[in-house]
Amino acid sequence: MASVESPVRLDSVHKTYGSGESAVEALSGVSFGFPAGSFTAVMGPSGSGKSTLLHCAAGLDEPTSGRVTLVGTDLGGKSETALTELRREHVAFIFQSFNLMPALNVEQNVTLPMLLAGREPDRAWVDQVIARVGLSQRVKHRPGELSGGQQQRVAIARALAARPTVVFADEPTGALDTNTALEVLNLMRELVAAGQTIVMVTHDPVAASFADTVLFLVDGRIVMQLADPGVEAVASTLAKLGAQAKRARGQR
Ligand SMILES: Nc1ncnc2c1ncn2[C@@H]1O[C@H](COP(=O)(O)OP(=O)(O)OP(=O)(O)O)[C@@H](O)[C@H]1O
């Protein structure tokens, strides 16, 4: 099951929030297969639907219509329990809102998802991941004893330690200093080289340049894809799309 060609697939996904006058169409027919062992960045102006796409792809939010397939499983009509099990087995998140367990120390937070999935943590790899995010001196600290950036690094180590099939990341480097951000992005590239699939929402052209492909969303639609993206190309495309979106809003 885990070795499907596209561990994450969206087919004609629409997502509308609210109804009637106040309805907002956050996704307007998104179709994309994220290939196994690929790193894809999702970019676009504020409100273009990036987080909604990520939440629908991860089964955290249900599309209004269309189909999402995660690691070979059609998520349509699945129970919350079935979704939780699927995620526990195959998926990791690096979201700002995915909090750490306050009573557990760094090492315990990092190994918890594996223990919950009934898997024995690979201690050497766990130590390596914790070292790569610069927290070797903090393994016995609790989240409350760490800075915001350090807590984010624990969340990153936690996501990477379990070697999930798919990593969903929302602004994973947003709260990090430049050096740690580069270290984390390099680590993500290593995971991709090892066959894992990463889908990352970011506003940062430098972070996006680590991806194999950048998808640009405008008004809930994929309007452009950039392969092997360079920082300059990403930044100029983003600026152009942002200006177009602003003009279009002005005309409405
Ligand atoms: N729970 C919700 N209820 C109502 N509308 C929502 C909800 N979540 C998102 N939206 C709307 O859907 C659209 C897309 O939102 P989304 O958060 O996916 O955009 P985004 O591209 O991630 O934005 P940003 O870059 O500002 O985080 C926006 O117009 C937003 O206001």
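Visitor: Where does Asn 105 lie?

Guide: Asn 105 lies in the loop between S6 and H3. Such labels come from DSSP runs numbered from the N terminus, where helices (H or I) have at least four residues and strands (E) at least two. Residues are numbered from 1 along each chain as its sequence is written. This is a predicted model, in which local features need pLDDT of at least 70, side-chain atom pairs count only at pLDDT 80 or more, and totals for chains, interfaces and linings use all residues.

Visitor: Why is Asn 105 called partly exposed?

Guide: A residue is buried if 20 or more other C-beta atoms, placed from the backbone, lie within 10 Å of its own, exposed if 12 or fewer, and partly exposed in between. Asn 105 has 17 other C-beta atoms within 10 Å, and is therefore partly exposed.

Visitor: Which residues does Asn 105 touch, not counting residues up to four places away in sequence?

Guide: Asn 105 touches Val 139, Lys 140, His 141 and Arg 142. Two residues are in contact if their C-beta atoms, placed from the backbone, lie within 7 Å.

Visitor: What makes Val 30 a buried residue?

Guide: Val 30 has 25 C-beta neighbours inside 10 Å, so it counts as buried. Val 30 is found in strand S2. Leaving out residues up to four places away in sequence, Val 30 touches Leu 10, Val 13, Leu 53, Arg 221 and Ile 222. The C-alpha atoms of Val 30 and Gly 66 are separated by 8.6 Å, and these residues are 36 apart along the chain.

Visitor: Why is Gly 76 called partly exposed?

Guide: Gly 76 has 13 other C-beta atoms within 10 Å, and therefore counts as partly exposed. Gly 76 is found in the loop between strand S5 (73-74) and helix H2 (80-90).

Visitor: Why is H5 described as largely enclosed by the rest of the structure?

Guide: H5 is described in this way because 11 of its 14 residues are buried. Among the buried residues of H5 are Gln 151, Arg 153 and Leu 160. What covers the buried residues of H5 includes strand S6 (91-94), helix H3 (106-116), helix H4 (123-132), strand S7 (166-170) and helix H6 (178-193).

Visitor: What describes the way in which H3 and H5 cross?

Guide: Two packed helices are described by the angle between their axes and the distance between the axes. The axes of H3 and H5 come within 8 Å and cross at roughly 35°. Axes are lines fitted to C-alpha atoms, for helices over the stretch in contact, and angles run from 0 to 180 degrees between N-to-C directions.

Visitor: Which residues in H3 and H5 meet?

Guide: Val 106, Asn 109, Val 110, Thr 111, Pro 113 and Met 114 in H3 meet Val 154, Ala 157, Arg 158 and Ala 161 in H5. The residues of this contact between H3 and H5 divide into seven nonpolar, two polar and one charged. Ala, Val, Leu, Ile, Met, Phe, Trp, Tyr, Cys and Pro count as nonpolar, Asp, Glu, Lys and Arg as charged, and the others, Gly among them, as polar.
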